[in-house]
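Biologist: Could you walk me through some of the side-chain contacts in this one? I have it open and would like to go residue by residue.

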Amino acid sequence: MQGSANLNVMIKAARKAARSLLKDFREVEQLQVSTKGPGDFVSRADRAAQEIIKEELMEARPNYGFLGEEEAEIVGKDPTRRWIVDPLDGTTNFLHAMPHWGISIALEHKGEIVSAVVYDAPKDEMFFAEKGEGAWLNDSQRVRVSARSKLSEAVFGAGLPPDGGKYLPAMLRDMGKLMPMCSGMRRNGAASLDLCWVAAGRFEGYWEYNLKPWDIAAGILIAREAGAFVESIRDDQQMLVDGHLIAGAEPIFDQFAKVIRGRD
């Protein structure tokens with residue numbers, strides 16, 4: 001797929017940040033056995049990756065706003081456009097030398113995500129999409145959601161709150177209802193990649209509570225452009241505000257959503 005100028009800037013920024021993160025990731029395994037541990041090191045790696053992305057994006061589009069995980073929002077001279085960035089989604093995986101983490105970059109225009117990149121750097125999988133142009137993996141492979149229509153054949157992704165917290169009972173309740181009905185469930189620890197895996201047909205669906213805009217902005221567009229339904233869990237919620245999200249392949253979405261939403 002031949003992407004727009006903005007998409008090409010986003011891909012370039014993701015690849016540049018990935019080179020820095022992959023270099024740091026190779027050090028993490030050695031740090032696991034140190035007395036201090038890798039925590040501070042990973043925090044620095046995360047901030048450094050965001051700075052690389054920010055520099056690339058703001059140099060190319062200096063009037064756009066910028067919302068990233070690691071610092072306060074920058075309001076741009078063009079108030080209709082902003083970048084939404086997670087430089088390291090899956091920090092806990094990175095911290096434990098698990099090769100499942102990604103870089104998420106979205107472009108929002110007038111409140112709508114119009115371009116998206118999620119780069120799974122350890123696997124060299126670049127997911128991307130632009131509104132109305134479909135979802136793609138590594139330039140030439142168009143991705144589509146799964147065609148499975150039976151819960152008994154489906155595998156779902158889920159996100160458990162890392163610190164327990166107020167949403168743990170809801171997740172455990174949901175999982176208790178869904179697990180006996182489906183083929184399997186996975187908790188992979190990177191929301192942006194979970195949404196991309198729905199897009200690519202690896203998961204039939206995914207849901208999670210209390211996410212941040214940078215966790216899901218890019219993944220929402222990629223999943224939708226691949227044919228997924230992506231909605232707030234409750235009708236009175238907004239995904240990028242409340243952070244409660246359910247996504248699924250069209251053939252199975254209604255069955256899946258009925259279970260998670262508790263509707264008979």
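Biologist: Which residues does Asp78 touch, not counting residues up to four places away in sequence?
Modeller: Bearing in mind that this is a predicted model, Asp78 touches Asn63, Tyr64 and Gly65 once residues up to four places away in sequence are left out.

Biologist: And where does Asp78 lie?
Modeller: Asp78 lies in the loop between β1 and β2, and its side chain is joined to that of Thr80 by a polar contact of 2.6 Å.

Biologist: Is Asp78 buried or exposed?
Modeller: Asp78 has a relative accessible area of 18%, and because buried means under 20%, Asp78 counts as buried.

Biologist: Switching to rings, how many aromatic pairs does the structure hold?
Modeller: The structure holds nine aromatic pairs, one of which is formed by Tyr64 and Trp83, a tilted pair with 5.4 Å centre to centre and 40° between the planes. That pair links distant parts of the chain, with Tyr64 in the loop between α2 and β1 and Trp83 in strand β2, 19 residues apart.

Biologist: What about Tyr64 and Trp83, buried or exposed?
Modeller: Tyr64 counts as buried at 10% relative accessibility, and Trp83 is buried as well, with a relative accessible area of 0%.

Biologist: Which residues do ring pairs link into a cluster?
Modeller: Phe25, Phe94 and Trp101 are linked into a cluster by ring pairs.

Biologist: Last one: what sits over the ring of Tyr119?
Modeller: The charged end of Arg15 sits over the Tyr119 ring, at 5.1 Å from the centre of that ring.

Methods. Residues are numbered from 1 along each chain as its sequence is written. This is a predicted model: local features need pLDDT of at least 70, side-chain atom pairs count only at pLDDT 80 or more; totals for chains, interfaces and linings use all residues. Side-chain values use heavy atoms; hydrogens and water are left out. Rings of Phe, Tyr and Trp (its six-membered ring) pair if their centres lie within 6.5 Å; planes under 30 degrees apart count as stacked, over 60 as edge-to-face and the rest as tilted. Helices (H or I, at least four residues) and strands (E, at least two) are DSSP runs, numbered from the N terminus. Buried means under 20% relative accessible area, exposed over 50%, partly exposed in between (1.4 Å probe, protein chains only). A charge sits over a ring if NZ of Lys or CZ of Arg is within 6 Å of the ring centre and within 35 degrees of the ring normal. A polar contact is a pair of N or O atoms within 3.5 Å; within protein, one must be able to donate a hydrogen and the other to accept it, and residues adjacent in sequence count only if both atoms are side-chain atoms. Contact means heavy atoms within 4.5 Å.
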